[in-house]
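Biologist: I have this model open and would like to go through it piece by piece. Can we start with the helices?

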Amino acid sequence: PGERVWMGSVCKQSLGEVQCVASHIYGLSTRDLVPPTLNVVGRMHHGALKEFLHQLERSKSRSKTVVRLEAAPGASAARYDSFRASLEHQQKVDVVNLGGQNNAYLLSSTAASHILGLGSTSAITCVFVLSHDTRPVFPSTAPP
């Protein structure tokens with residue numbers, strides 16, 4: 001796995017709070033750019049996200065970073081597994097608004113394979129789409 005770049009919680013109304021750590025897969029570093037709590041505010045169809053990310057490849061103002069979300073040490077494995085299963089079952093992507101034009105998209109393993117071409121994994125994949133002018137505003141939550 002890649003470098004740990006974030007540690008915090010993901011909150012989803014139907015599941016509550018899930019403590020997670022994020023390991024970098026590819027893209028720019030998100031250290032200090034992502035808040036300690038990610039609140040799911042909506043959902044999106046897989047096809048719409050795939051098209052959006054394809055269009056983003058030509059963007060000069062925004063870029064994507066892909067990370068793998070896993071249960072944090074000492075966190076409830078059952079709650080993480082329920083969250084992962086809900087992503088597979090709903091067959092949609094969870095959306096997190098990070099402020100401004102910054103968003104995060106939480107994908108099941110199946111969606112990550114289809115949309116990003118990633119190999120199968122038991123982890124949740126997260127795509128951060130951040131504006132290039134985003135300034136560090138959050139203290140780093142990743143272990144040094």
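Biologist: Which residues are buried in helix α3?

Modeller: In α3, residues 109–116, the buried ones are Ser109, Ala111, Ala112, Ile115 and Leu116. Buried means under 20% relative accessible area, exposed means over 50%, and partly exposed is in between, using a 1.4 Å probe and protein chains only. Helices are DSSP runs of H or I with at least four residues, strands are runs of E with at least two, and both are numbered from the N terminus.

Biologist: Before we go on, what kind of model is this?

Modeller: It is a predicted model, where local features need pLDDT of at least 70 and side-chain atom pairs count only at pLDDT 80 or more, while totals for chains, interfaces and linings use all residues. Residues are numbered from 1 along each chain as its sequence is written, and side-chain values use heavy atoms, with hydrogens and water left out.

Biologist: Which residues of α2 are buried?

Modeller: Tyr80, Phe83, Ser86, Leu87 and Gln90. Seen down the axis of α2, they fall within an arc of 120°, so they line one face of the helix. The arc is that of the directions from the helix axis to the C-beta atoms.

Biologist: And what is exposed on the other side of α2?

Modeller: Ala78 and His89 are exposed there. Just after α2 comes Gln91, with a positive phi of about 50°.

Biologist: New topic, the strands. In what order do they close into a barrel?

Modeller: The order is β1-β2-β4-β7-β6-β5-β3, 7 strands with mixed pairing. Two strands pair if DSSP finds at least two bridges between them.

Biologist: Which strands does α2 touch?

Modeller: α2, residues 77–90, packs on the sheet and touches β1, β2, β3, β4, β5, β6 and β7. Contact means heavy atoms within 4.5 Å.

Biologist: How many bridges join β1 to β2?

Modeller: There are 8, and the two strands run antiparallel. β1 and β2 form a hairpin with 3 residues between them, and Trp6 has Ala22 as its bridge partner in β2. With β3, β1 pairs in the parallel sense over 3 bridges; there the partner of Cys11 is Asn39.

Biologist: Why is β1 largely enclosed?

Modeller: 7 of its 9 residues are buried, so β1 is largely enclosed by the rest of the structure.

Biologist: Last one. How many aromatic pairs does the structure hold?

Modeller: It holds 1. Phe52 and Tyr105 form a tilted pair, 6.0 Å centre to centre with 55° between the planes. Rings of Phe, Tyr and Trp (its six-membered ring) pair if their centres lie within 6.5 Å; planes under 30 degrees apart count as stacked, over 60 as edge-to-face and the rest as tilted.

Biologist: Where do Phe52 and Tyr105 lie?

Modeller: Phe52 lies in helix α1 and Tyr105 in strand β6, so the pair ties together parts that are 53 residues apart in sequence. Phe52 and Tyr105 are both buried.

Methods. Axes are lines fitted to C-alpha atoms, for helices over the stretch in contact, and angles run from 0 to 180 degrees between N-to-C directions.
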